[in-house]
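Biologist: Please present the model, and then let us discuss how its chains meet.

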Amino acid sequence: MIDHDIVERVLSSATRTGAEFAELYAEDKRSTSASLDDGRIEQVNTGRDRGVGIRVIAGDTTGYAYTADLSEPGLLAAAEAAAAAARGGGGGARIVSLTGDGRPTRPPVGRVPDEISKAAKVELLQRIDEAARSVGPEIVQVAAGYGDSRKRVLVANTDGLLAGDEQVRVLLRVSAVADGDTGMQTGFQSMGHTTGWEIFDTVDVTALAREASRQAITKLSARPAPSGTLPVVIEHGSGGVLFHEACGHGLEADLVAKGASVYAGQSGQLVASPLVTLVDDGTMPGEWGTLGIDDEGHSTQRNVLIQDGVLTDYMYDHIRSRREGRAPSGNGRRQSYQHLPMVRMTNTFVLDGTDDPADIVAATDHGVYVAKLGGGSVNTATGDFVFGMTEAYLIENGRITSPLRDGNLTGNGPQVLRDIDMLGNDFAMGGPGTCGKDGQGVPVGDGQPTLRVAALTVGGTAA
Amino acid sequence: MSELVSIADRIVAAAAPGEQVEAFVARGGETEIRVYEGQIEHYVSAQSEGIGVRIIRDGRTGFAYAGALTDAEEVLAEARSNVEFSTVDEWAGLAVDDGVETTRLELWNEMLAETAADDKIALALELERLSASFDDRVRVDDANYVDMYGESAVATTTGIRRSGRENGCYLSVSTLANQDGETQTGFGFSVGRSLGDLDAERAGRDASDRATRLLGATKPASGRLTVVFDPLVTAQFLAILASTLNGEAVVKGRSLFRDRLDSEIASPMFGLIDDPTDARAYSASEVDGEGLATRRNELIRDGVLQQFVHSSYSARRAGTTSTANAVRGGFASTPGVGALALQPVPGTRPQAEIISGIDHGLLVQSVSGIHSGVNAISGDFSTGAAGLMIRGGEVAEPVREFTIASTLQKMLVDVIEVGADLEWLPMRAAGVTLVIDDVTLSGA
């Protein structure tokens, strides 16, 4: 993307004011998206984003500048701005000698989406529209979106690191609106993978569409969700966001270091039910949060965060790992070249337990069964979190009964982790997510087996 | 600025016969300074630019963008090649100037543009120091100074040709209050068009008070009660309500108020206006995302739904005229529809006086998960919250880890008072104290 001699000169220039570390992050991303709504392909959109972000660290201060001007003078100007912002203690520029070739180290995807015709992408959406509408006359509106991107990344720093990656993503989403005597209801499904077009050889997109419509129609007969604290069973593959919010963010070392996490100082302690083993793994082939290298150039890896309920490790980026004298964990990520990296999750999931999922429902006298969770958020300092349930049912006498209208669930992370009292043996990954932190969104994955939380607050309106 | 206009002009001039072409060209930059424990934690200085081109031919739309001003030809060619894949839409078309006069607004402050970096750093450090100074249980998680500028030009083959620029700055601070092993969080902010507008003391005091007020908070008992939304919470509520008044949602059958024009959808006490020509609004602007002059639109008057907000597309489809509510997220996408600068019609009494008349209620200081727990199509409303109970007309114990729930339809009808305290906030809606009856609290 950029000549290595130029990268070396830019990094050397960035340390001219005495900074101890400088990094160059370059990306070149091409993307295509298509949207269908109201029975029409509304538009096909293609875009290109490319640019470079330069980070300079002097003491505890980070300077950052970015530019879309990839010429050597443009890069040197950005290096100058970042160095001025970091204001090192003086001294000369460092000589930078890069090792490695900056090429991706993992195999390329099967069929790169930019080589697939736009007509094929549009046809996918038309099939989704047709399938979603075929489910029933109650379906009054369908919207669907397709998106793909191919991002080439190059990271180099004054430690001599030179690493590259090619990140290909495909995403599909469908939402359906059903109308009935009780008003309108919605259903939503999505799939996202770090694979090429070959994913559509194995995934039936029309099933995804029918599922969205089924959800919307089911909710037409939903009653208001209960209000109060109840046992909640969460279906496999739909509730990984629970762990993302309840403890994932709290295990990010930047928040831990500032004392803004309830999990600060808890390493080696029992923080969850002994049933729970939580892993963050950026290497899982094809998953939405998967990367070859993180956005600081380090290989992603599988990190066990909680083992049998005991907190074993936090997640780290360059700054936090350097300060604590340990190896990075491959969790330094950023939204784009316009953003500073920080500690982020990749694919975060709970490993299988031993319970039969049917037994979990049967063992629940009165509670809520959540078949699909929406987004959520957490206050890491208090551990209080919420997430939305977008498909849920009442459990009465050990059986799943009436569908429920949408609502939020709320709880406290450390408490909920301890309250997990049954864990299924049916692990599944969930749909693609976008995790927001400090104004930056990055793609993440999550997963879990069916499980039960003994007590969660269900935010409905029914007594 | 003239550089952006000339790029837009050149793209539009390249339109082929039978094509409508719109070029949107933008450039912007920001400075972000975060301090921590008396040191600069990071200093980000950045610029970005880009071009977005929309082409409509025979009712079909294509779009492309690039994050570089040098790529105009490639973007135009890409947009053109995307046209053939869309479906013919008889209402597709660009905006046409409707003769509405532009309200001139002072959105550019030269003083801010010339402010030295050291002054910005000093203000961020002052914010951090002040925030921790009001209460010794409080420390600062992060304190930030941010400023940004943006300039853009839009031109079309239908005769639109506009350009403008604006800048602004803000302070934001997050705090942690600790007591007896418990931690609570708070935040504060201040927004302005120059450093002189920024009130570090107020931002710091708000952040300190919000955190300490919640110390000792417990999970409240479930039940139904009257809730009082703080202005910031009301503004978030209004932003969701606005999505039901969106003309595109209406024409596509997704608005729960689609058949309710001219009927009573809210308490007679409730009024709502969208007015981007009001210079007090943080999101004030002279033109909308399609280049039409913005205007004041009354959406709800005395509880009666007056009109929806429209872009030229949704208006054409609805058989009406654009209210100049096209919203553009940047150069990378085509404009959508949305409210630009909402303001509720204020009542007469301040918050304290309103609370003094409530026997059993809840003052909602913050909500969380409003994006996940509210379904604007079905109207189901459920959100996590934190705040203070109201007992016998007085603010009482703090509460947290609970939800409040109702439906949007019912909440509008259940509005029993609107405060006098209209507050301008760094979002597309202003806030006000809003009192809503019969809301379900789910807690212990």
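Modeller: In this predicted model, local features need pLDDT of at least 70 and side-chain atom pairs pLDDT 80 or more, whereas totals for chains, interfaces and linings use all residues. Residues are numbered from 1 along each chain as its sequence is written, chains are lettered from A and ligands numbered from 1 in the order in which they are written, and side-chain values use heavy atoms, without hydrogens and water.

Biologist: How many residues does the contact take from chain A and from chain B?

Modeller: Contact means heavy atoms within 4.5 Å. By that criterion, chain A gives 68 residues and chain B gives 77 residues.

Biologist: What area do chain A and chain B bury between them?

Modeller: Buried area is the accessible area (1.4 Å probe) that two parts lose on being put together, summed over both. Carbon and sulfur atoms carry 43% of a total of about 5,600 Å². Of the area that chain A buries against chain B, 13% comes from R40(A), M184(A) and K258(A), more than any other three residues supply.

Biologist: Which residue of chain A forms a salt bridge with K252(B)?

Modeller: A salt bridge places a side-chain nitrogen of Lys or Arg within 4 Å of a carboxyl oxygen of Asp or Glu. The rule finds 13 across this interface. For K252(B), the closest N and O atoms are 2.6 Å apart, and the partner is E42(A).

Biologist: Which strand of chain B is joined to strand β3 of chain A?

Modeller: Strands are DSSP runs (E, at least two residues), numbered from the N terminus, and two of them pair if DSSP finds at least two bridges between them. G63(A) stands opposite Y43(B). Five bridges join β3 (residues 61-67) of chain A to a strand running parallel, residues 39-57 of chain B, namely β2.

Notes
Helices (H or I, at least four residues) and strands (E, at least two) are DSSP runs, numbered from the N terminus.
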